[in-house]
Amino acid sequence: MKASELKTKTPDELSDELARLKKEQLNLRFQQATGQLEKTARIREVRRTIARIKTIAAQHKSAASAKA
């Protein structure tokens, strides 16, 4: 998911997406440990998307506190 798509989401939507990706990341790690993982690049994509979400959430939070 691109950063531009994430910037349009609300904080609640971002937290939901973050929870979903964390679950997927856990499942991918289990698949890798058992040798069932076929698309190894997906681990990297998920990890980077999680980082994007956390960054954008922090930006939203700092922008909200700057307005107050």
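Helices (H or I, at least four residues) and strands (E, at least two) are DSSP runs, numbered from the N terminus. Thr-49 lies in one such run, helix H3. This is a predicted model, in which local features need pLDDT of at least 70, side-chain atom pairs count only at pLDDT 80 or more, and totals for chains, interfaces and linings use all residues. Residues are numbered from 1 along each chain as its sequence is written, and side-chain values use heavy atoms, with hydrogens and water left out.

**View 1. The whole chain, three helices and zero strands.** From the N terminus on, the order is α-α-α. The C-alpha atoms fill a box of roughly 50 × 15 × 15 Å, taken along the principal axes. The radius of gyration (over C-alpha atoms) is 14 Å. A compact globule of 68 residues would have a value near 11 Å, by the rule of 2.2 Å times the number of residues to the power 0.38. Of the 68 residues, 21% count as buried, meaning under 20% relative accessible area; exposed is over 50% and partly exposed is in between (1.4 Å probe, protein chains only).

**View 2. Helix H3 and its buried residues.** H3 has 27 residues and covers residues 41-67. From its first C-alpha to its last, H3 reaches 39 Å, close to the 39 Å expected at 1.5 Å a residue; the expected span is 1.5 Å times one less than the number of residues. The buried residues of H3 are Ile-43, Val-46, Thr-49, Ile-50, Ile-53 and Ile-56. They pack against helix H1 (3-7) and helix H2 (11-34).

**View 3. Thr-49, a buried residue of H3.** Thr-49 counts as buried because its relative accessibility is 7%. Leaving out residues up to four places away in sequence, Thr-49 touches Met-1 and Leu-21. Contact here means heavy atoms within 4.5 Å.

**View 4. Arg-42 and its partners in contact.** Arg-42 also lies in helix H3. Its relative accessibility is 27%, so Arg-42 counts as partly exposed. Neighbours within four places in sequence aside, Arg-42 is in contact with Leu-21, Glu-24 and Leu-28. The side chains of Arg-42 and Glu-24 make a polar contact at 2.7 Å. A polar contact is a pair of N or O atoms within 3.5 Å; within protein, one must be able to donate a hydrogen and the other to accept it, and residues adjacent in sequence count only if both atoms are side-chain atoms.

**View 5. Arg-42 and Arg-52, ten residues apart in sequence.** In space, the two are 15 Å apart, C-alpha to C-alpha.
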